[in-house]
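User: I've got a structure open and I'd like to talk through how it packs. Can you take my questions one at a time?

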Amino acid sequence: MDAQSNSSSNLSIIVQNNPSEAQLSELGIKSWPKWACSPGKYKLKFDAEETCYLLRGKVKVYPKNTTELSPVEFGAGDLVIIPKGLSCSWDITLPVDKYYKFHPS
């Protein structure tokens, strides 16, 4: 059975605004690797679920292979969960600095 065909409709990006310090500490965010990116447009495909916390920046994500066709926006102070299997375009309007973690399936 092709898992991708029946899961492509629920590839939603979850954005949590301003998570508490306690939650960030519990997740161990500060031990995660960091990633930085300058403004621009990028095509990305997520082969694993990613959780990230933006220290700075502003991003508009345009999902490709999902029913959720409206762009998802997030920025500094947001905790974001990006589902495995999502293909999307990132339009970065302010330089991004983020902590990130991939979750093996």
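User: Which residues have the most contacts inside the largest nonpolar core?

Analyst: Keep in mind that this is a predicted model. Its largest nonpolar core holds 17 residues. Strands E4 (49-63), E5 (72-75), E6 (78-82) and E7 (87-103) each give two or more residues to this core. The residues with the most contacts inside it are Ile 13, Val 59, Phe 74, Ile 82 and Trp 90.

User: And which residues does Phe 74 touch, not counting those up to four places away in sequence?

Analyst: Phe 74 is one of the residues with the most contacts inside the core. Setting aside residues up to four places away, Phe 74 touches Ile 13, Val 15, Leu 54, Lys 58, Val 59, Val 61, Val 80 and Trp 90.

User: Is Tyr 62 buried, partly exposed or exposed?

Analyst: Tyr 62 sits in strand E4. Leaving out neighbours within four places, Tyr 62 contacts Pro 71, Ser 87, Cys 88, Ser 89 and Asp 91. Buried needs under 20% relative accessible area and exposed needs over 50%. Tyr 62 has 31% relative accessibility, so it counts as partly exposed.

User: How much of the protein chain counts as buried?

Analyst: The chain exposes about 6,200 Å², with carbon and sulfur atoms supplying 54% of that. Out of its 105 residues, the share that counts as buried is 36%.

Terms used: Residues numbered from 1 in each chain as written. Predicted model: local features only at pLDDT ≥ 70, side-chain atom pairs only at ≥ 80, totals over all residues. Heavy atoms only, no water. Core = buried A, V, L, I, M, F, W, Y, C linked by side-chain atoms within 4.5 Å. Buried < 20%, exposed > 50% of the residue type's maximum accessible area, 1.4 Å probe, protein only. Helix = DSSP H or I, 4+ residues; strand = E, 2+ residues; numbered from the N terminus. Contact = heavy atoms within 4.5 Å. Areas by Shrake-Rupley, 256 points an atom, 1.4 Å probe, with all protein chains shown as cover.
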